[in-house]
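Subject: Structure handover

Hello,

Here is the structure I promised to pass on. Please open it first, then read the notes below.

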Amino acid sequence: MLGSLFKNTLQNTLRPLRQPEFDATRLGSVAIALPAPNGLTIPPGCAAVLVDRDGRSRRQAAGSRIAAIEGETAWCVHPGPYTCELAPFAGAPEIGLRVHFAIDASDPRATHQRFDLFLASEAGCMVELGGFVELAQTALQRELAQGNLELPPCTTLDEWNAFRTGFNQLMYTRFGVTVDDCVPVDLGAARDYAATLDARLAARLDAVHPSAAAREGALDPVAPQEAFVPACEDARALRRLFLELPCLMCAVRMAVLPADQGRFRQHQELLRRLDLVSLSVGTMPALELAAPGQPLAQEEQLRRARHSRRAAAALDEAWALLARLKVAGESPLDNLFDEADRIVANLETEAGARRAVTARETALEEA
Amino acid sequence: MTTIECRSIAADGGMLTITATRRPRAGRADVKCSVPGAPGVAERMQQVVRLARHTEPRFDSRDQVVLSLDRAPADGDRDWELAAVLADRIVRDVFAPRREVVANGWSDAWHLGRIDGRRLAGMPDGVLLGGADALAHLGALNGQPDPAAGISSARAWFPMHSGGEHDGLGWVEVSVRPLARAGSGEDKDREDPVSVPDVDAVRQAQVAAVLAGSRHFDGRGQGQWRTTVRFGEPRFSGDSYQLALVMADRMARGREFLARGRVIATGSSSAWHAGRVEAVEALAPKCALIAREAGPGDRILLPKEWEAALPHGLREALRARGASLACVERIGII
């Protein structure tokens, strides 16, 4: 009896603490980052990123146990490499880019890791490869449509190299991932354009003759409008602005070394205006209140949420512009500073409109 | 402050003039419209312009655009809508036409860039006409396919040179529509149907052969499409349109990277099935023509054999204007 008691105690001390449940098999293939419970031993090959409420992040290496402090959220991140296919033009679905990318180990020179910031501000719960690829594709398509990156018909080798430089920098600056390889590919087998058009025409016919609902399973002609819940969208956009604007300002300050007095003033002015936008975001009135204790009408809430979203879109453009500033090197910066002026003006306008209680209020100012 | 004018043919046959002015925003509305005696039309104009701006990739809140119509259009007449959208784009340098614009067209889906139709009967020369049989969406101004349409069409331009005053850029448009899947089994051996209205039988056969060859090189697109090819000016001679035709076909089938502006190409080939591009005649006048006509975002494709003989400074002049030039040996990337 005494012997068995002794054995029990021994077993209790020697047995490792029970692991919290965590399925790491999806990491590295379909998921880039998964929320990790506190106390988890970080699986080999992965890293943990812990983010507190203010967006400050730290990393823990594989093998150690996640020890989150009060208020911290933890993710388990697999560095990859990952492979994906991007369509650079919405109108040309059969030609694409096959991209191999990886998430870097933390860069000791940087004060904050861009990927950790991405996790903190945009990840929500988890980062799945599919969702991430969609974000990357949107960023790429916008840069191409604006003419900041060029991928024209019959791209020559020089143009391809210039594109690669810009694209690599865009991915690193915007998402904190490094592009290892990127090649043009024929996506015809996977994304048959003829079949897409066929489905669109069939859907159009169905719309004309609703009785012919036989092809219900056919593809939707236009992507269905994403569900738009003002409260969620607004909160997400504002959180992004709140967390990312200070980091963006810090990066803009370091990216440019003003060459002369004029440029210095311009640079200072830009940073000052960004600072004011950041302040405006930090003190943004609640979505659903017109004044303390006064509820705001539903359609005005929708309007406010739309402005937040557009401000977040301007923020995306700002990151893309930062990438262009970094690759610009010695070339003239006038064009880029004009772009910066435009983006900051957009941020100011949208933040101002988000504060307004009614659309009329802005209209009256405008009259 | 910039001011431009854009016109539209009114229901009574006269002209409606839209004046667009761009000035610093200074805290005012982004678009302001005025129509004498018709506040409802002014309101609709503001709505149209704002909706059409959704199709632009670049948003700029620093400017205000003021649009005004010189007189009220007839009741229910909406043909001025296209002119208003274009005026708004021209005054902000989003669209840079080579000549004065007269445009007629209306739409219920400006936010998609689609142009549904026009009231104007006939097809007067020099008028930009909206509608499925003419300008079906705003991207088509640069020859780009509509990413939401069921039938995909793309345009490419080629220099037409005859040594006369009619020299200019001609366009070729390729529209493809999927062959019905059902019944494609028995037609497997037949060639893809290609129709080229308004040209003679020799030209028709040549166009069909060029498309068959280049699609063979591509490895896809055989037995998939019903194709219609239209030329802006069906009466011309020579083979130098072929590269433009091949590029328009590849863009329409969604298999080519897209330029922001137009694709302007000249070149022919005796071996499209190998994707080869060969030289054509009249290098100097065609280069001069291209240098004159090219605008921001345009992509110019010339045969590789021309590279050594290109006029001095052409590349730089084009780059300064925002266009890019490549001399290609074969179609496709690199």
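Among contacts in chain B between residues at least 6 apart in sequence, what percentage join residues at least 24 apart? The figure is 68%. Keep in mind that this is a predicted model.

**Chain B overall**

Chain B has 6 helices and 13 strands. Buried residues account for 40% of its 334 residues. Along the principal axes, the C-alpha atoms of chain B fill a box of roughly 60 × 55 × 35 Å. The radius of gyration of chain B is 21 Å. A compact globule of 334 residues would come near 20 Å, so the value for chain B agrees with that.

**Domains of chain B**

Where they touch, domain 1 of chain B gives 6 residues and domain 2 of chain B gives 6 residues. On the domain 1 side, 3 of these residues are nonpolar, 2 are polar and 1 is charged.

**Where chain B meets chain A**

Here 40 residues of chain B are in contact with 38 residues of chain A. Which elements of chain B give two or more residues to this side? They are strand 8 (168–178), strand 12 (299–303) and strand 13 (324–328). Strand 13 of chain B gives the most, with 3 residues. By class, the chain B side has 19 nonpolar, 9 polar and 12 charged residues.

**A sheet in chain A**

Now to chain A. There, 5 strands form an open sheet, and its order is 3-2-4-1-7. The pairing is antiparallel. In general, strands of a sheet pair through backbone hydrogen bonds, either parallel or antiparallel.

The edges of the chain A sheet are strand 3 (57–60) and strand 7 (127–128). Each of them pairs on one side only. Strand 1 (residues 31–35) of chain A pairs with strand 4 (residues 73–77) of chain A over 3 bridges. To find this pairing in the model, look for Ala33(A): its bridge partner in strand 4 of chain A is Val77(A).

Helix 2 (residues 114–122) of chain A lies across strand 1, strand 2 (47–51), strand 3, strand 4 and strand 7 of chain A. Helix 2 of chain A runs at about 55° to strand 2 of chain A.

Best wishes

Key
Residues numbered from 1 in each chain as written. Chains lettered and ligands numbered in written order. Predicted model: local features only at pLDDT ≥ 70, side-chain atom pairs only at ≥ 80, totals over all residues. Pairing = 2+ DSSP bridges. Helix = DSSP H or I, 4+ residues; strand = E, 2+ residues; numbered from the N terminus. Contact = placed C-beta atoms within 7 Å. Axes fitted to C-alpha atoms, helices over the stretch in contact; angles between N-to-C directions. Nonpolar A, V, L, I, M, F, W, Y, C, P; charged D, E, K, R; others polar. Rg over C-alpha atoms; globule rule 2.2 N^0.38 Å. Buried ≥ 20, exposed ≤ 12 C-beta atoms within 10 Å, placed from the backbone.
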